[in-house]
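Have a look at the structure below.

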Amino acid sequence: MAVHVVDHPLVRHKLGILREAGISTSRFRDLALEISRLLTYEATKDLVTEHKTIEGWAGKVEVEMIKGKKITVVPILRAGLGMMDGVLDMVPGARVSVVGFYRDEETLQPVEYYVKLAKNIDERSALILDPMLATGGTLLATIELLKKSGCTDIKGLFLVAAPEGIERVVAAHPDVDIYTASIDEKLNDAGYILPGLGDAGDKIFG
Ligand code: PRP
C-alpha cells in the first residue's frame, strides 16, 4: 500500500481554513468539495488511456480517452457524502456505492447500518470517501466489505488521517492506496484526530 499526502499549496490553504473552529456549514461544505476534487486528480493519475481518432474541426485528430476499469465511488455515510460531488465532478461516469457506518462513541468500533453497492462492483475500481481516517476501524470494515464483494482495486480518499489509523490499515491491507490532504499528529483519548477538523459529519450536516 502507498500513502499519498496530496501536498499542494491549494490543498494546504483550503485545509487551513477548514480547521477554523468557527467555520460555517456552507463554507465547510464548499471547501470539502474543493479539496475532494484535488484529491481525485491525484488518485486517478494511474488511469490508463487509449488512443482514438475523432473528427476534429480541421479533420481527423488522434485523442486519448480513459480506458479499462470503470470506477465506483464509495462515500461512507454520513460524512463521506460531503466529498462525493467533488469527486463526481472529476469522474462523472462513476457509479455510486453507499456504505453506512457510525462509530460507537464508547468502544470506537464501527457499526454497519446500510450497504448498497453498485452492480458489477467486482469489475470496478473503488474510491472510498470519508473526511476522516481516525482509528481506522471504519476504513477496515469498508475495505473488508468491498473485498468480499469481489473488489480488487481499492483506494481511500480522506481530508485528514491519523498515523494510528494509517498504520492499522497498512498492516491489514497492503494493497490499498490512501490519499489524504494531511497526516495529522495523533488521536486524543476519545479517538478524535488532533489537530483535526472536529466532527466533520456534524460540520457538513449542520
Ligand atoms: C467518523 C468519520 C469516519 C469515522 C472515522 O464518522 O467520518 O467514518 O468516524 O473513525 P475511525 O477511523 O476511528 O473508524 P462518524 O462515526 O462520526 O459518523 P458520521 O459520518 O455519521 O458523522
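Here are some questions and answers about the words used for this structure.

This is a predicted model, in which local features need pLDDT of at least 70, side-chain atom pairs count only at pLDDT 80 or more, and totals for chains, interfaces and linings use all residues. Residues are numbered from 1 along each chain as its sequence is written, and side-chain values use heavy atoms, with hydrogens and water left out.

Q: Why are α1 and α2 called roughly antiparallel?
A: Helix α1 (residues 9-18) and helix α2 (residues 25-43) pack at an angle of about 155°, with their axes 10 Å apart. Axes are lines fitted to C-alpha atoms, for helices over the stretch in contact, and angles run from 0 to 180 degrees between N-to-C directions. Angles under 35 degrees count as roughly parallel, over 145 as roughly antiparallel, 65 to 115 as roughly perpendicular and the rest as oblique. The pair is therefore roughly antiparallel.

Q: Which residues make the contact between α1 and α2?
A: With contact meaning heavy atoms within 4.5 Å, α1 contributes Leu10, Val11, Lys14, Leu15, Ile17 and Leu18, while α2 brings Arg27, Phe28, Leu31, Ala32, Glu34, Ile35 and Leu38.

Q: What makes Thr40 count as buried or exposed?
A: Buried means under 20% relative accessible area, exposed over 50%, and partly exposed in between (1.4 Å probe, protein chains only). Thr40, found in helix α2, has a relative accessible area of 1%, so Thr40 is buried. Leaving aside residues up to four places away in sequence, Thr40 touches Val87, Met90 and Leu157.

Q: What makes β4 and β5 a pair?
A: Two bridges join them, and they run parallel. In β5, Arg95 is the bridge partner of Thr72.

Q: How many bridges join β2 to β3?
A: Eight bridges join strand β2 (residues 49-56) to strand β3 (residues 59-66), and the two run antiparallel. Helices (H or I, at least four residues) and strands (E, at least two) are DSSP runs, numbered from the N terminus. Glu50 stands opposite Met65 in β3, and a hairpin joins β2 to β3 through two residues.

Note on methods: Pairing = 2+ DSSP bridges.
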